[in-house]
Amino acid sequence: MARGTLSWLSGATVASLVLVFSLAGVATADHHEKGSAGGDVFTIDPVHSSVSYKVRHLVSKVTGNFRKFSGTITVDPENLAATKISAEIDAASIDTGNDDRDGHLRSADFFDVEKFPTLSFESTKIKVIDKSHIEVTGNLTMHGVTKPVIFEAELLGIAPGMRGGQVMGAEATGALDRKEFGIVWNRTLDTGGVVLGDEVQMIFEIEANLAEE
């Protein structure tokens, strides 16, 4: 199992971050959209959110981003264990700031986006740590492989949105082994080392809006 560390590949994954706001007393109202479990439904705002990662390259770390993602979170404040999270990332939206490298990452050596166009996450368990931290366990599907992963999230705040409604913010990080998902490309150096590390650190900065019916 991939284990999160405070510092969701997630994202994916990524939608798990805002669950923590249910612990901060998010108010419910009749006009809010309700999920099948009776909780309030929140939607991730991609304009004010980001999904990024870091991976070791030689003796440093390289950062990349996924530019297209979406997700919903259904929260029942009186039954947090029943909270549900669903998120999806467009694999082809990977962006490292270098066209050649991005093309290689989209190829069969890595994400193979023509065959596996999306990454997806479905939560399976929520563990409440305290009023500002939660641990989210779920199934991450990447590169055609589904594995359980754990992400940890921290509450940043909640406030009225600029156009009304509730706006929530949170951040979370996690770590996973890319080889567990069948992404195994590497190259051995003359010195005996390798070009890429196996562990990928995920960083999620999320803003989400309470959905309206």
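Tutor: A pocket is here an open set of points on a 1 Å grid, where a 1.4 Å probe fits, with protein on both sides within 12 Å along at least five of seven lines. Its volume is the space filled by probe spheres set on those points. The model under discussion is predicted.

For the second largest pocket, the volume comes to about 240 Å³. Its lining includes a run of residues made up of Pro 160, Gly 161, Met 162, Arg 163 and Gly 164, together with Val 167. Asp 45 and His 48 also line this pocket, as do Glu 207 and Asn 209. Sorted by class, the lining comprises three nonpolar, four polar and three charged residues. Gly is counted among the polar residues in this scheme.

The salt bridges may now be considered. Side chains of opposite charge can pair when their charged atoms come close. With a limit of 4 Å between a side-chain nitrogen of Lys or Arg and a carboxyl oxygen of Asp or Glu, the count is three salt bridges.

One of them joins Arg 67 to Asp 95, with 3.0 Å between the closest N and O atoms. Arg 67 belongs to the loop between β3 (60-66) and β4 (69-75), whereas Asp 95 sits in strand β6 (residues 94-95), so the pair ties together parts 28 residues apart in sequence. Arg 67 has 52% relative accessibility and therefore counts as exposed, since the limit for that class is over 50%. Asp 95, at 24%, is partly exposed.

A further salt bridge is formed by Arg 178 and Asp 198, whose closest N and O atoms are 3.7 Å apart. Arg 178 is placed in the loop between β10 (166-177) and β11 (196-210) and Asp 198 in strand β11, so that distant parts of the chain, 20 residues apart, are linked. Arg 178 has a relative accessible area of 5% and is therefore buried, because that class takes values under 20%. Asp 198, with 28%, is partly exposed.

Asp 198 also meets the side chain of Lys 179 in a salt bridge, at 3.7 Å from N to O. Lys 179 lies in the loop between β10 and β11, and Asp 198 in strand β11, 19 residues apart. The relative accessibility of Lys 179 is 40%, which means that this residue is partly exposed. Through shared partners, the salt bridges join Arg 178, Lys 179 and Asp 198 into one network.

Notes
Residues numbered from 1 in each chain as written. Predicted model: local features only at pLDDT ≥ 70, side-chain atom pairs only at ≥ 80, totals over all residues. Heavy atoms only, no water. 1 Å grid on protein atoms, 1.4 Å probe; cavity = no way out; pocket = protein on both sides within 12 Å on 5 of 7 lines; lining within 4 Å. Helix = DSSP H or I, 4+ residues; strand = E, 2+ residues; numbered from the N terminus. Buried < 20%, exposed > 50% of the residue type's maximum accessible area, 1.4 Å probe, protein only.
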